[in-house]
Amino acid sequence: MSATTYGWLVLAFPLAGSIVIALGWRSLPGRTAGLIGSAAIGLAFVNAVAALIQLQGESADHRALTSSLWDYAVTSGVDVKLGILVDPLAVFMALVVSGVSFLIHVYSVAYMDSDRGYRRYFSYLNFFVFSMLLLVLAGNLVILIVGWAFVGFASYALISFWYRRRTATYAGIKAFVINVVGDVALVIAAILIQRETGALDFVGVFKRAPEAFTQNEWLIVAICLLILVGAFAKSAQLPLHTWLPDAMEGPTPVSALIHAATMVTAGVYLIARTHPLFELAPTAADISAAIGVLTFLFAASVALVVTDLKRIIAYSTISQIGYMIVGVSIAAYSAGLFHLMTHAFFKALMFMAAGSVIAAMGGNQDIDRMSGLRRALPVTFAGFLVAALALGAFPGFSGYFSKDEILAFAAERGGGYLWIYIAGTVGAFVTAMYAFRMLFRVFGGPASPEARELEQGHLHHGEPVNPMTGEPEDTDVGYPGPEHHIAERERSMAVPMVLLAVLSVIGGVIQIPGVTHVIENFLEPTFADSPFVDLDVSGGTEALVLIVGAWTSLIGIGVAWVLWLERPGITVDLARRLPRLHTFLQHKWYFDELYDFAIVRPLRALGRACSTGFERVVIQGMVGSTAAAVRVGNSLVRVAQTGLLRYYALLLLVGVGGLALYFLVVSS
Amino acid sequence: MDIGWYLVLSAFIFCIGLTGVLTRRSPLVILICLELMLNGGNLALAAFARMTGTADGQVFALIVMIVAACEVVIGLGLIVAMFRNRLPMDVDEMSELRG
């Protein structure tokens, strides 16, 4: 079988799994739905591997295979097929997405066990993975947009999975609305591309783009900026990031899925996929890189003060995606995608460990309440430690190599890009700080009451409350409530954690800057036409970046050690001395408030004005006056209807007589 | 004989019937007066048939009679129903259809 056949199979299994679970939910007892869902994703991963092997068998020039099942939309000038494009980039993404999703599915089998929406959950989850795979395998912009919108819907369904939790439904709506902003921009970009190049499939667009556009023409810059709006909405970059922290309302494995494997990486993939357009519009690429830099600095600073464990990780994702966006924007494609992969490993691991911690805390997510869990949860502690080391770019761990690869590329390009390197190093320092802030606050210090009970072998029993509002949780909707499963006591949850921990440690080895180039060589056919593909980072720069990166990470961890473990009073003191800065960060730079003020309130005021002014005066006036006119008219006509038989006979006589007279007069 | 006399007689009978329909209040009498009107018309039709020497007018008159018979069946049926239900035998009192 050819690589494209395997590509179709990669798509078929998750879709089939989703449909089977959705239709057969009544007859799926116990954990069957979870097993079916996991098996579907596992088979998708196997097929992705098979596609990889097939693709490697082709010669380097023929590693972009297209295949289409049937015509999707054929009208005047538009020719869209239901087609996929299997090239190294697509296969790479499919491998990361299906592989990490598989582990998350396996983890969910036990994690969601006591939830009443168990089958609904796995149906959504499979659909989510299917949408993401459709997005990365799409052969043209239309199918990509279809997958893009499916991902948006699936995220909505999963974020508001506990639909009786008010905050969860709000978060789902927020994610959906912000994603639609991106969808609209992407659709407009696709229309413009179709108009200028006459093609919608990637191969055709990229072939004709150099003729259709001159370098840095305003139109191509506009198209790229529209693509960026789409990418930033999905990848939660400034200023469209506000949905991601709220998306933490969903179950923890869903957060892992959104953050590590699906959804947020879509924007990075999109920029990498449309890189020939961005190379024609360097201005747009530079804007993208600048926003990436702003985003990772912003998110890292917020992650320092937020106290909700899952929200800290959410801001860390925004920050890490910022690094990837910078990478693919400055043409360090393989480095950006390498970071995407390593991030998928350690972020999924971090969420799984966080899920275990939250379960141990009876649903509580506030790190102020947690401490000293290291003895109660040794495996979780080890997993979180590995994830934090990788996130904090500790020398030797995967995140260390991938992040520094991006920064080395920026340093090598020199000029203005040197600032990206400097900002990236500052960001890495803060990253190491907040990563270990989480670790020290949650696992360090004296044991909390929950931890002490766990050490004695039984789960602390607390009333589940909504972490956002403090309202008692409605366990009837299936919120796991008192029956939490702690990852390390369930083998099916511990195994994915261990696997991801191993990958987080050794994942970086395949592409050590200046030593190994597995990913770069694999992805080269996709990016062969890039003018920067031959830009090799010199050994001196690489060594310098790696050494600086190592020291940055070590100092960051050391500072975190002092601030949150040795002398916890310092941070409290700092917060008291700089109240303005502290509240500014705690309000996440006031983005939510800004949107509330600039968009939500004006729209609400407009709606209210419409309902009180326009609706009541104009619409009701029109309806009311029509009714009044009919009433006046019928009161006139009603006079004739007396009900008297002889009166009707007289009217008849008058009428017939009148007619007869008329004809007499006319005819004579 | 001049056809004019026939027509005058027919118009006279028709007007008697019409006056009856317009002035009387008993449904039975109204029905009788309706018959008068129809037969006034029939007379005119027959007279015209004689004048032109064709059978058309007579055929029309026969059809009018059939229609009149049908009408009387329904009308009498209604009147019997009114008696049965002890409704007032006065068309002016039966004005429920007033708008």
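I started with Asp596(A), which comes out partly exposed at a relative accessible area of 26% (buried is under 20%, exposed over 50%, partly exposed in between, with a 1.4 Å probe and protein chains only). This is a predicted model, so I kept local features to pLDDT of at least 70 and side-chain atom pairs to pLDDT 80 or more, while totals for chains, interfaces and linings use all residues. Side-chain values use heavy atoms, without hydrogens and water, residues are numbered from 1 along each chain as its sequence is written, and chains are lettered from A and ligands numbered from 1 in the order written.

Next I looked up the partner. Asp596(A) makes a salt bridge with Arg601(A), closest N and O atoms 3.1 Å apart (a Lys or Arg side-chain nitrogen within 4 Å of an Asp or Glu carboxyl oxygen). Arg601(A) is partly exposed too, at 49% relative accessibility.

Then I checked the whole structure and got nine salt bridges over all chains.

I picked out Asp87(A) with Arg273(A), at 2.9 Å between the closest N and O atoms. The two sit 186 residues apart: Asp87(A) in the loop between β2 (78-86) and α3 (88-111), Arg273(A) in helix α11 (residues 265-273). I took helices (H or I, at least four residues) and strands (E, at least two) as DSSP runs, numbered from the N terminus. Asp87(A) is buried at 5%, and Arg273(A) is buried at 3%.

Last, I noted Arg311(A) and Asp246(A), 3.5 Å from N to O in their salt bridge. Helix α14 (residues 309-329) holds Arg311(A) and helix α9 (residues 243-246) holds Asp246(A), 65 residues apart. Both Arg311(A) and Asp246(A) are buried.
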